[in-house]
Amino acid sequence: MPLYCLGAEMYEVYPVVPLSRNLTLNVAILSYCGHLHFGLIGDGQSGRDLERLAGGIEDAVAELEELAAKET
């Protein structure tokens with residue numbers, strides 16, 4: 001079910017989870033209106049490969065979609 005903010009429909013929602021003292025990477029997933037949204041946050045020194053991680057997540061989700069389509 002869509003949410004509204006000040007009367008405007010929200011089309012996408014991305015989760016943001018701040019890093020705490022001992023964490024160098026946070027991955028958050030949020031389901032909204034039939035879609036999964038991923039939020040990636042890494043510290044500047046340890047989280048240099050966020051683009052690579054994001055690409056891996058995109059590839060994995062695409063693979064899951066293909067496998068699910070074969071099952072139906």
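Modeller: Helices are DSSP runs of at least four residues and strands are DSSP runs of at least two, numbered from the N terminus. The model discussed here is predicted.

Colleague: Which element supplies the largest share of the lining of the largest pocket?

Modeller: The lining includes Leu36, Phe38, Ala54, Ile57 and Glu58. Strand E4 (35-42) and H1 each supply at least two lining residues. With 6 residues, the largest share comes from H1.

Colleague: How much space lies in the largest pocket?

Modeller: Tyr14, His37, Leu40, Val61, Leu64 and Glu65 are among the residues that line this pocket. The space in the pocket comes to about 300 Å³.

Colleague: Is Glu58 buried or exposed?

Modeller: Glu58 is found in helix H1 (residues 50-71), and it is one of the residues lining the largest pocket. A residue counts as exposed when its relative accessible area is over 50%. Glu58 has a relative accessible area of 56%, so it is exposed.

Colleague: How far apart in space are Glu58 and Phe38, C-alpha to C-alpha?

Modeller: Both Glu58 and Phe38 belong to the lining of the largest pocket. In sequence they are 20 residues apart. From C-alpha to C-alpha, the distance in space is 9.8 Å.

Colleague: Which strand gives the most to the nonpolar patch?

Modeller: The patch has an area of about 420 Å² and is made by Leu25, Val27, Ile29, Leu36 and Leu53. The strand that covers residues 25-32 gives 3 residues, the most of any element. That strand is E3.

Colleague: What is the relative accessible area of Leu53?

Modeller: Leu53 is found in helix H1 and is one of the residues that make the nonpolar patch. Leu53 counts as partly exposed because its relative accessible area is 31%.

Colleague: How many disulfides does the structure hold?

Modeller: A disulfide is a covalent bond between the sulfur atoms of two cysteines. For a pair to count, the sulfur atoms must be within 2.5 Å. The sulfur of Cys5 is 14 Å from the closest cysteine sulfur, in Cys33, and is therefore too far for a bond. The number of disulfides is 0.

Colleague: What is the relative accessibility of Cys33?

Modeller: The place of Cys33 is in the loop between E3 and E4. Cys33 is not a glycine, yet it has a positive phi of about 55°. Cys33 counts as partly exposed because its relative accessibility is 35%.

Colleague: Near what value is phi of Leu6?

Modeller: Leu6 lies in the loop between strand E1 (4-5) and strand E2 (8-9). At 87% relative accessibility, Leu6 counts as exposed. Its phi is positive, in a residue other than glycine, and is near 55°.

Colleague: How far apart in space are Leu6 and Ile41, C-alpha to C-alpha?

Modeller: Leu6 and Ile41 are 35 residues apart in sequence. In space, C-alpha to C-alpha, they are separated by 28 Å.

Colleague: How far apart in space are Pro18 and Gln45, C-alpha to C-alpha?

Modeller: Pro18 has its place in the loop between E2 and E3. Its relative accessible area is 62%, so Pro18 is exposed. Pro18 and Gln45 are 27 residues apart in sequence, and in space their C-alpha atoms are apart by 16 Å.

Terms used:
Residues numbered from 1 in each chain as written. Predicted model: local features only at pLDDT ≥ 70, side-chain atom pairs only at ≥ 80, totals over all residues. Heavy atoms only, no water. Buried < 20%, exposed > 50% of the residue type's maximum accessible area, 1.4 Å probe, protein only. Patch = residues over 30% accessible without salt bridge, like charges linked within 9 Å, V, L, I, M, F, W, Y side chains within 5 Å. Areas by Shrake-Rupley, 256 points an atom, 1.4 Å probe, with all protein chains shown as cover. Salt bridge = Lys/Arg side-chain N within 4 Å of Asp/Glu carboxyl O. 1 Å grid on protein atoms, 1.4 Å probe; cavity = no way out; pocket = protein on both sides within 12 Å on 5 of 7 lines; lining within 4 Å. Points joined across faces, edges and corners; volume = space filled by probe spheres on them.
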